[in-house]
Structures are given as structure tokens and as C-alpha cells.
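Hi,

Here is the structure I promised to pass on. Have a look at it first, and my notes on the charged pairs follow below.

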Amino acid sequence: MYLYNAQKERLNARIQEKSLDVLKLKQLKTQAELATLQSKINPHFLYNSLNSIASLIHEDPDKAESMTLKLSKLFRYSINNSQEATVQVQEEIEILRTYLDIEKVRFGDRIQFVIEVDESLLKVQIPRFLIQPLVENALKHGLKDMADHALLRISIVKKDGLVISVSDNGIPFPENLEIGYGLQSTYDKLGLLYPDHYEVQITNQPIKQISIKIPITHG
């Protein structure tokens, strides 16, 4: 009986060890997938930014230098050497402002950008590079052809969780919306970090916006 119990304990220990190994592999896989998603920046954005910098070099060298530094900051953030899957809201907003500063060079005064954040949420953790693809999507598909009075609003509020909304007054979402790079990367990140615990709503009425609701987590 003693020998049987000893063998059973060793077997259970090996099973637990294997289970831990499988869990670690799943975690590593998730981290690798997130790192891949976070390191992707839309090549069209890079192409447009470099074109803007090239045109500014002779017209306004100081602005060209400033834009180059902002683009470098954006790419450093996307590379994510620390391998952190989430960041504080305030960090995500800072990099979003950097992105918008770059886009303002292209769009000038045609688009007004508004960012509204509940200050109590500034230290809450959210997925890295969650908001920027949504904003880029709004600029690319909703606002880029508007001559003036274009408005893009980003809000982060507390409402049964943390709710991020990106709205604009541009072209409405089509009935059969195709999921492009920006939205797909968003869905992928949410699915990896909050399986079955997130909501995405895309509406045209009463305002055109995409909203994401995720659990509130502090680092």
C-alpha cells in the first residue's frame, strides 16, 4: 500500500508539473501574439508620415525635426522592449497625443481632436496600443476627405467597467462593415487579454462611434 501511494504521489506530481508547463507555454504564446500585434504599425501611416517629413525638410526644418522625433517615439513605444502587455491609461493617452501631433501635420486645421478622460482612470491598465488603431481607422475611413469642420473625439469613462469611445462626424460605418487591420488588431488584443470579458459596439446613431468596454484593472 505504501509503494502504491508513493507511486500515485509521484504520478500526481508529474501531472501537475506537466500542467504548469502547458500553462507556461500558453502564457508565452499569448505574450508572443500580443508582442506581434503591438509591434505592427500601419505601413500606410509610415509612408504618409515620411512623405510629410520629406516635404517639410526644406519648407520648415524645425517642424520636420519635431515630426521625426515624434515618429521615433511612436515606434519605440510599439517595439515594447519591456514586453508589457498593458500600460496605464495616461501612458496610452500620451502616445495617442504623439500620434495625433504627427497627423496634424498632414490634416492641418481641417480636423479638431478632442480627448476626454476620467482622471480617476489614469492609472488603470489597458492593452498597449489599443486606442491608436481605432483613431487611425476613423481618420482614414471617416474624416480624411472632409474639407473642414471635422471632429474626432476620444473619451474614456467609468461605466460598469472602463469604456473607451472613439467618435467622429464623418462618413457613417457601412452596413456590412469589413474588419480591416485596425479593428482586427483590436479584436485580437481584447480576445487574448479579456476572453469573454469585453464588449465592442459599433454604431451610427445617435452618433457615429466605436466603443469598447473592458474590466477595470490596476497595475
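**Salt bridges**

Glutamate 103 and arginine 106 sit 3 residues apart in helix α4, which puts about one helical turn between them. They form a salt bridge, with 2.9 Å between the closest N and O atoms (the term means a side-chain nitrogen of Lys or Arg within 4 Å of a carboxyl oxygen of Asp or Glu). Glutamate 103 is buried at 3% relative accessibility, while arginine 106 is partly exposed at 32%. Here buried is under 20% relative accessible area, exposed is over 50%, and partly exposed is in between (1.4 Å probe, protein chains only).

Before you go on: this is a predicted model, where local features need pLDDT of at least 70 and side-chain atom pairs count only at pLDDT 80 or more, while totals for chains, interfaces and linings use all residues. Residues are numbered from 1 along each chain as its sequence is written, and side-chain values use heavy atoms, leaving out hydrogens and water.

Helix α4 (residues 89-107) also holds aspartate 101 and lysine 104, again 3 residues apart; helices (H or I, at least four residues) and strands (E, at least two) are DSSP runs, numbered from the N terminus. Their side chains meet in a salt bridge at 3.8 Å, N to O. Aspartate 101 is partly exposed at 31%, and so is lysine 104 at 39%.

Then there's aspartate 168 with lysine 208, a salt bridge at 3.1 Å between the closest N and O atoms. Aspartate 168 is in strand β5 and lysine 208 in the loop between β6 and β7, so the pair ties together parts 40 residues apart in sequence. Aspartate 168 is buried at 10%, and lysine 208 is buried at 9%.

The count comes to 6 salt bridges.

Cheers
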